[in-house]
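Morning, everyone. I'll take the pocket first, then the fold, then a few residues. Please have the model open.

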Amino acid sequence: MNSQFQKQPDFKQQQGVQSFYEPALQILSEIQEQKKLSLLKKGYDENNAAVTKIEFSQLMARRFRITIYLADQIVSSLVKSNSVESFGGYVKPKVVGV
């Protein structure tokens with residue numbers, strides 16, 4: 001059998017994960033803004049706002065009606081593609097233009 005046909009399911013899986021990039025980044029921005037407001041109310045620096053990977057993946061699973069496993073794959077894929085900053089168990093959107 002041709003090896004190209006054997007790899008097709010992996011390609012489809014990767015394509016499916018990448019199709020969630022834009023909506024996932026919108027959700028991450030929403031959560032990030034909430035965290036910034038919370039820090040401002042408490043008198044802390046808003047630049048320290050970050051979202052836990054678990055919180056992010058759980059919210060994606062709820063909103064997109066997908067499994068936690070797929071949501072975790074989306075988070076991992078976003079990190080690998082350098083679309084978000086990752087440190088420890090936290091992620092935050094990349095700052096563009098600075």
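The largest pocket has a volume of about 180 Å³. A pocket here is an open set of points on a 1 Å grid over the protein atoms alone, where a 1.4 Å probe fits and protein lies on both sides within 12 Å along at least five of seven lines. Grid points are joined across faces, edges and corners, and the volume is the space filled by probe spheres set on the points.

Before going on, the ground rules. This is a predicted model, with local features needing pLDDT of at least 70 and side-chain atom pairs counting only at pLDDT 80 or more, while totals for chains, interfaces and linings use all residues. Residues are numbered from 1 along each chain as its sequence is written, and side-chain values use heavy atoms, with hydrogens and water left out.

Which residues line the largest pocket? They are Gln32, Lys36, Glu46, Asn47, Lys92, Pro93, Lys94 and Val95, where lining means having an atom within 4 Å of a point. By class, that makes four charged, two polar and two nonpolar residues. Charged covers Asp, Glu, Lys and Arg; nonpolar covers Ala, Val, Leu, Ile, Met, Phe, Trp, Tyr, Cys and Pro; the others, Gly among them, are polar. Helix H3 (21-42) and strand S3 (90-93) each give at least two residues to this lining.

Pro93, one of the lining residues, lies in strand S3. Beyond its neighbours within four places in sequence, Pro93 is in contact (heavy atoms within 4.5 Å) with Leu28, Ser29, Gln32 and Glu85. Pro93 has 21% relative accessibility, so it counts as partly exposed. The classes are buried under 20% relative accessible area, exposed over 50%, and partly exposed in between, with a 1.4 Å probe and protein chains only.

Now the fold. There are five helices and three strands in the chain, in the order α-α-α-β-α-α-β-β along the sequence. These are DSSP runs numbered from the N terminus: H or I with at least four residues for helices, E with at least two for strands. Of the 98 residues, 28% count as buried. Taking contacts between residues at least 6 apart in sequence, 55% join residues at least 24 apart. The accessible surface of the chain is about 7000 Å², 51% of it belonging to carbon and sulfur atoms; areas come from the Shrake-Rupley method with a 1.4 Å probe.

How many aromatic pairs does the structure hold? Two. Rings of Phe, Tyr and Trp (its six-membered ring) pair if their centres lie within 6.5 Å; planes under 30 degrees apart are stacked, over 60 edge-to-face, the rest tilted. Phe20 and Phe64 form a tilted pair, 5.2 Å centre to centre with 35° between the planes. This pair links distant parts of the chain, 44 residues apart: Phe20 is in the loop between helix H2 (8-18) and H3, and Phe64 is in helix H4 (residues 53-64). Phe20 is buried at 19%, whereas Phe64 is partly exposed at 23%.

The rings of Phe87 and Tyr90 are stacked, because their planes are at 20°, with centres 6.3 Å apart. Phe87 is partly exposed at 38%, and Tyr90 is partly exposed at 39%.

Last, Gly88, in the loop between strand S2 (84-87) and S3. Gly88 is exposed, at 67%.
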